[in-house]
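This report is meant for someone meeting the structure for the first time.

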Amino acid sequence: MLSDMTDFRLAERMGRLGTESAFEVLARAKALEAAGQRIIHLEIGEPDFPTADHISEAAVEALRAGQTHYVPAPGIPALRESVAAFLERTGRLRTSPDRVVVTPGAKPIMFFTIMALCGPGDEVLYPDPGFPMYESITAFAGATPVPVPLRESNGFRIDVDELARLITPASKLLIINSPHNPCGSALTADDCAAIAALALRHDLVVLSDEVYWALRYGGPHASVLEFDGMADRTILLDGWSKTYAMTGWRLGFGVFPTALVEPVTRLAINSVSCTSAFSQYAAIAALEGPQDGVTAMVAAFRTRRDVIVAGLNGIDGVSCLQPQGAFYAFPNITGTGLSADELAGRLLREAGVAALAGTAFGRQGEGFLRISYANSVANIEAALDAIKFLLHS
């Protein structure tokens, strides 16, 4: 019988699997709270709004109707049809329901895409700073992660000329994310046109992570899917977590080129079986029901964005570009003389402000913090005061 102290020899691939620092910092912050310290949470990436009542009611009704059993692995037909109709109605994409795959959260779309397409000898281009799972899953699959730097001087958008220089004959997949986590930046239509041209020229598959699609504050959303030939080589990743404040529901979807639907469905069957039945009826209600809650949430985030950007730019040693989407600020803190890890650690321990070091999102994140403004204006203002006091008391 194994004791609790038994050391297991993990498979080699586990050494290539990273983590998501937001949850680690959240755990440390919760421990400090349990010990009596007041913490302002600006670390976790989820809307602080409740799921709309009509969405929750749809789930309750589905439960009462007995929707508690297995359903088709790629999603119930009604939801796949609803997703396709929603994408067309909102002007994003005209597609067919049989290209939609519904998963428990959006991360499986990343995982299934990379596992289906990439392995030893393949290179995956991904944004740095960027969502850490891109690099982690790529390495786990045995492929080679190739960071594409996002520089403050270019508004934290991909420099297409630099991207072109990073493409090699081994390049297989390009991951893009707009609006962007952690920087809050957004690709322009010209950016997307140039990226699409590169993908077509070099036979790249593109994973377009558009999970923050609804949370934008500038002009219209731009996507590589707007350009001829890209629907046949692009996976669209989206879900309900950010748009509808449904992070705990674990609902995501991908729209795949036809040839990838069956392999991805097989991966779903081998891992999660299917997405919970009753939650899929809630997902339909979200897409087809009133959207005023989304509009109100975006307006609140815009107000908070303006407060936090002005406040950060008012602190000596700190500067911050205005985010174009999502709910993250990515301030430059090099003027403080502290590294990203040092400042994030001190903010948590000494100021009671939980934020993430930019290095949690890649090497290019050194000199920056990621601050989520998915919190009240009062808490954001209190956090700004605490940051200023820490740095200049």
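Helices, of at least four residues, and strands, of at least two, are taken here as DSSP runs numbered from the N terminus. The model is a predicted one.

**A pair of helices**

Helix 11 (residues 340-351) packs against helix 12 (residues 377-392) at an angle of about 105°, and their axes are 10 Å apart. Angles of 65 to 115 degrees count as roughly perpendicular, and helix 11 and helix 12 are therefore described in that way. On the side of helix 11 the contact is made by Leu343, Arg346, Leu347, Glu350 and Ala351, while helix 12 contributes Ala386, Ile387, Leu390 and Leu391. Sorted by class, this contact has seven nonpolar residues, two charged ones and no polar ones.

Helix 12 has 16 residues, which at 1.5 Å a residue should span 22 Å, and the distance of 22 Å between its end C-alpha atoms agrees with this. Its buried residues are Ile380, Ala383, Leu384, Ala386, Ile387, Leu390 and Leu391. Seen down the axis of helix 12, these buried residues fall within an arc of 165°, so they line one face of the helix. The face turned away from that buried side carries the exposed residues Ala378, Asp385 and Phe389. Among the elements that cover the buried residues of helix 12 are helix 10 (292-313), helix 11 and strand 12 (369-372).

**Two single residues**

Thr95, in the loop between helix 3 (77-89) and strand 2 (100-103), is buried, with a relative accessible area of 16%. Apart from neighbours within four places in sequence, Thr95 is in contact with Ala84, Leu87 and Val255. Pro263, by comparison, belongs to helix 8 (residues 258-271) and is partly exposed, with a relative accessible area of 21%.

**Backbone details**

Most residues other than glycine have a negative phi, and most peptide bonds are trans. The table lists departures from these two patterns.

| Site | Backbone value |
|---|---|
| Asp128 to Pro129 | cis, omega near 5° |
| Ser178 to Pro179 | cis, omega near -10° |
| Arg250 | positive phi, near 55° |
| Ser273 | positive phi, about 70° |

Pro129 is in the loop between strand 3 (123-128) and helix 5 (133-140), and Pro179 is in the loop between strand 5 (171-177) and helix 7 (189-202). Arg250 lies in the loop between strand 7 (234-239) and strand 8 (252-255) and is partly exposed at 35% relative accessible area, and Ser273, at 33% relative accessibility, likewise counts as partly exposed.

Note on methods:
Residues numbered from 1 in each chain as written. Predicted model: local features only at pLDDT ≥ 70, side-chain atom pairs only at ≥ 80, totals over all residues. Heavy atoms only, no water. Axes fitted to C-alpha atoms, helices over the stretch in contact; angles between N-to-C directions. Parallel < 35°, antiparallel > 145°, perpendicular 65-115°, else oblique. Contact = heavy atoms within 4.5 Å. Nonpolar A, V, L, I, M, F, W, Y, C, P; charged D, E, K, R; others polar. Expected span 1.5 Å × (residues − 1). Buried < 20%, exposed > 50% of the residue type's maximum accessible area, 1.4 Å probe, protein only. Arc of directions from axis to C-beta.
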